[in-house]
Amino acid sequence: MEKFADVLDLAQAHVERETELRIAAIQRHANSGFGSSRCSDCGEPIPTRRRKHVPNAKRCAACQAAEELRHAPIPRRA
């Protein structure tokens, strides 16, 4: 039974390490300023404040809202 526990401990340690590495990668990506300075839909500049709060933003707030409305599971009225 002790050997089984050791295997489970190793598996748990592996899962925890993988989770830590994935979280670190996501944080690096989010903090890298990977987003665009211009909206991919309308071409207008994305305000600095939005880029600060949403570092990977590819659309301005207005175009993002329109995109979310288009893909909403339940159609909403604007």
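Leaving aside neighbours within four places in sequence, with which residues is Ser36 in contact? The legends below take up this question after an overview of the predicted model.

**Figure 1. Overview of the predicted model of the protein.** The protein contains three helices and zero strands, and from the N terminus on its elements follow the order α-α-α. Helix H1 covers residues 2–31, helix H2 covers residues 48–53, and helix H3 covers residues 61–70. Of the 78 residues, 12% count as buried. Among contacts between residues at least 6 apart in sequence, 7% join residues at least 24 apart.

**Figure 2. Confidence along the elements of the predicted model.** The protein has a mean pLDDT of 84, and 83% of its residues reach 70 or more. Among the elements, the lowest mean pLDDT, 85, belongs to helix H1. The highest, 93, belongs to helix H3.

**Figure 3. Ser36 in the loop between H1 and helix H2.** Ser36 is partly exposed, with a relative accessible area of 29%. Leaving aside its neighbours within four places in sequence, Ser36 is in contact with Ile46, Arg51 and Ala57. Asn56 lies 20 residues from Ser36 along the chain, and the C-alpha atoms of these two residues are separated by 7.2 Å.

**Figure 4. Cys42 and its closest cysteine sulfur, in Cys39.** The sulfur of Cys42 is 3.7 Å from that of Cys39. A disulfide requires the two sulfur atoms to be within 2.5 Å, and this pair is therefore too far apart for a bond. Cys42 counts as partly exposed because its relative accessibility is 40%.

**Figure 5. Cys63 and its closest cysteine sulfur, in Cys60.** Is Cys63 buried or exposed? With a relative accessible area of 15%, Cys63 is buried. The distance from its sulfur to the sulfur of Cys60 is 3.6 Å, which is too far for a bond. A disulfide is a covalent bond between the sulfur atoms of two cysteines. By the 2.5 Å rule, the count in this model comes to zero disulfides.

Methods: Residues are numbered from 1 along each chain as its sequence is written. This is a predicted model: local features need pLDDT of at least 70, side-chain atom pairs count only at pLDDT 80 or more; totals for chains, interfaces and linings use all residues. Side-chain values use heavy atoms; hydrogens and water are left out. Helices (H or I, at least four residues) and strands (E, at least two) are DSSP runs, numbered from the N terminus. Buried means under 20% relative accessible area, exposed over 50%, partly exposed in between (1.4 Å probe, protein chains only). Contact means heavy atoms within 4.5 Å. pLDDT is the predictor's confidence in each residue, from 0 to 100.
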